[in-house]
Amino acid sequence: MKKAASRTNGNSGSGTKLVIVESPTKAKTIRKFLGSNYIVESCMGHVRDLPQSAKDIPEKVKKEKWAQLGVNVDKNFEPLYCIPKDKTKVIKNLREKLSEADELYLATDEDREGESISWHLLEVLKPNVPTKRMVFHEITKEAIKKSLDETREIDYNLVRAQEARRVLDRLVGYTISPLIWKKVAFGLSAGRVQSVAVKLVVDREKERLKFKKSSYYGLQAELEKSGTAFESKIVSYKNKKIATGKDFDGLTGQLAAGKDLTVLDLAGAQDILSEIKGKNWSVTEVEEKPVSRKPYAPFITSTLQQESNRKLGLSSRETMQVAQKLYEQGFITYMRTDSTFLSNEAINAARESILQKYGKDYLPASPRTYEGKKAKGAQEAHEAIRPAGISFQDPDETGLTGSQFKLYDLIWKRTMASQMTDAKQKQVSAKLSVGDAIFSASGTTIEFPGFLRAYVEGSDDPEADLESRDVKLPQLKTNDAVKANKVEPTAHETKPPARFTEASLVQTMEKEGIGRPSTYASVIGTIVDRGYVRKAGSALVPTFTAMVVSKLLSQHLAQYVDLGFTSEMEQSLDHIADGDMNWEIYLKGVYHGPKGLRATVEAQQDKIDPEEARTIKLDGLDKYEFHVGRYGAYVKSKRGGDDVSASIPDAEAPADITPEAVEKLIDQKLKGADSLGDDPVTGKKVYVLNGRYGPYVQLGESDDEKIKRGSLPPGTDPKDVTLPMALELLSLPKTLGSHPDTKKDIKVGIGRFGPFVLHDGDYRSIPKTETVFTMDLEKAVALLSQPKKGRGKASALKEFGQHPNHDVTVSLFNGPYGPYLKAGKANIGLPEGTTVDQLTPEVAFTLVNEKLGSGKAEGKGKTKTKGRITPKASAAKKADVEGVKKVVVKKSKK
């Protein structure tokens, strides 16, 4: 049961109060709203955790058989908590600050993890002063004041739920992973949620393997009425429906059972075309139907991740990192939530913004309410993700840039749309006859855009999307004659089930109750980082390692990758959070006993043959065996009674491998590839080969002492490589000539990150409009003269020149989390509220002083002792900061 909140006047009294939050950015923002008697410090996330390696385990328990687990499974599942080495200074600083304080406020996030961090701080710091828990779901002046006035005690149900989740994840991971090391490959891992996510991706790949493609034809007509052209497609011929893609069975490639349809081939389509040629077209049926669409609910964690992936191309991990920054800077409410509820203040703010930006026609008579309905195990935040505050800041007025601006804009628009009027559309469908054929045409007209004016799901530009949705038909009435401008056969093929994207995987995991939205980003990041899944564009493609590990778990530890079982685990953890279940009793049932995790893994261990465990068969490729070995995946087959094998390139997707491709790999291994010809200089043969890391060209035989190889340019098909092209690639890097200014060589080549130009240690990527073959000296010099761009980063937004006190150039860049200053090797974030336009050289140099020290003041009051700044230095730093604030405020008033 939750302990009652203690109501206190957080603003009373003049004593020093220490407020602890998780991050420096959050601390920085909160300081603005509190008085001088408040000290706000960051604990930098978790201050204790289970041991990450053997060196973290205390000597006194190292010999215990449970020590590697970090959980005493024989003593009430007591966790072994350690303070990581990188947190010892943080703890020391917090203790020093606590010794000066009269009260302690634990202000970590309001979800389970935040509650757990507060509890760990309490355990580590052991305060002797009154301690209060303050919670808020947005960082605004009003929210912080309210949280100080309405503090509570730590919710131990939430702490136990988080602790049980952490312990359960450790038990599953550390018990199953060693089994995979022994049977498949060392270094692989299993996880309670991670392994289920991998199985989902693998199962989709298996569906693609089983899929059988079907081909069919249709007829498409370009028609005209009253000067307006429109398209129409055949739907039936001689009173029999024409088959389309949805009518085929993907497992057989045939028409789905029970369907009596005509499947057109090219000849059949041309026969119908001949029959209707020259005949009159007329309208036989017209139907108009008004359609009303309601807006989407405001964002929760999972829908934000899905839409950010679709619209902005951000991964779940990137989305949550950017959202965290926005929350900590006070731009949005807490970003880990399953609730679609909006407070009255938020609704009023949204309605006011809609009235100002879109007008009264877009504002419904009464506010829209969304049930605070949560998925089971919802995060503890009380509201949807929305702009923070009692009035919503327009995206263009925030001063945000880059990903931060884009994500805030997305959240702002979604929140606006959730409180706007319905979209009104008119759908028109028509049937047209010509000879024995019936064609259909359809159109949609947007009568009133409503919420679509602000937000269209999956679209970057609502206005452009409204235009594309408006597919108009001319005015049509029954018996109207229409003119056919063109009629032609259209070829079609059925497509296999689409691979998961991050967005669709998150959607499926949420639907199945696997994991929780707050964990999706880390789960997807983990399966990519561990080599189970790779990204091909936005698609998530399983590797052969994933296929093998998923097979082993499905065969021998099936319940631990079963959707229902994993979902039940989540529900049990939710019951613990609600105080309805004892966490120790639950963990005992999961781990101990004849059907528990430990006994199950021990029983299966001897039943698993390592060779068989590393092998997998693929549908449609029965004569081949696919294996995972020390150096990656390889395929085995029989040739003349002998076993033969060949490596499979890492970029090859399991469902995309064909028998022809496998035979080519094996032939290349046995016979060597056919040479393109001989090198005129050395007389050696030149080959195009396929390796683990992709295609390449090679000069000489594989057993030569010295072999020269060169990667193919990105996007180059090995079949298109000619001998001259191969020789050109083998000559790389080659010298184009001397730079006119330095007289030093300029070279061109292909490296890890693609084609490049090199001059005096300065690398520049060759733009996609050029290739290594078209790059000449003149183009290279021009490329080198441009401002240098880091990989994936823009050039400097502003250059402020040399710092007067430090021997560094100061520049302004735009990073993934907003603008920052670069001074030598130091990166310096801008203070909250500082926009790019406000940043003058004076402000920039002062910020550099704050980071690097004032320079000229060295030896005059500013000294350092073992990394600690003395009181004089601290005062100087405070003066620097105050100076920045004054300059910024002064500029912003202009």
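How many bridges pair strand 22 with strand 23 (residues 708-711), and in which sense? The model is predicted, so local features need pLDDT of at least 70 and side-chain atom pairs count only at pLDDT 80 or more, while totals for chains, interfaces and linings use all residues. Residues are numbered from 1 along each chain as its sequence is written, and side-chain values use heavy atoms, with hydrogens and water left out.

**View 1. Strand 22 and its two partners.** Strand 22 and strand 23 pair in the antiparallel sense over four bridges. Strand 21 (residues 685-691) also pairs with strand 22 in the antiparallel sense, over six bridges. (Strands, numbered from the N terminus, are DSSP runs of E with at least two residues, and helices are runs of H or I with at least four; two strands pair if DSSP finds at least two bridges between them.) Look for Val697 of strand 22: Val688 stands opposite Val697, and Val697 in turn stands opposite Gly710 in strand 23. Because five of the six residues of strand 22 (residues 694-699) are buried, this strand is largely enclosed by the rest of the structure. (Buried means under 20% relative accessible area, exposed over 50%, and partly exposed in between, with a 1.4 Å probe and protein chains only.)

**View 2. Glu138 meets Arg386.** These two side chains form a salt bridge, 3.5 Å from N to O. The pair links distant parts of the chain, 248 residues apart: Glu138 is in the loop between strand 6 (131-133) and helix 4 (141-149), and Arg386 is in the loop between helix 10 (344-357) and helix 11 (402-418). Both Glu138 and Arg386 are buried. By the rule used here (a side-chain nitrogen of Lys or Arg within 4 Å of a carboxyl oxygen of Asp or Glu), the count comes to 45 salt bridges.

**View 3. Asp247 with Lys259.** In this salt bridge the closest N and O atoms are 3.0 Å apart. Asp247 is buried, with a relative accessible area of 6%, whereas Lys259 counts as partly exposed at 36%.

**View 4. Asp667 with Arg639.** Here, too, a salt bridge brings the closest N and O atoms to 3.0 Å apart. Asp667 lies in helix 20 (residues 659-671) and Arg639 in strand 18 (residues 632-639), so the pair ties together parts that are 28 residues apart in sequence. Asp667 is partly exposed at 26% relative accessible area, and Arg639 is partly exposed at 24%.

View 5. Rolling a probe the size of a water molecule over the atoms shows where empty space is left. A search of the whole structure finds two cavities of 30 Å³ or more. (On a 1 Å grid over the protein atoms alone, a cavity is a set of points where a 1.4 Å probe fits but cannot get out, and lining residues have an atom within 4 Å of a point; points are joined across faces, edges and corners, and the volume is the space filled by probe spheres set on them.) The largest cavity has a volume of about 50 Å³. Its lining includes Ser189, Tyr532 and Val561, and helix 6 (194-210) and helix 15 (544-556) each supply at least two lining residues.

**View 6. The second largest cavity.** This space has a volume of about 30 Å³. Among the residues that line the second largest cavity are Val172, Ile176, Arg192 and Tyr560.

Conventions:
On a 1 Å grid over the protein atoms alone, a cavity is a set of points where a 1.4 Å probe fits but cannot get out, and a pocket is an open set with protein on both sides within 12 Å along at least five of seven lines; lining residues have an atom within 4 Å of a point.
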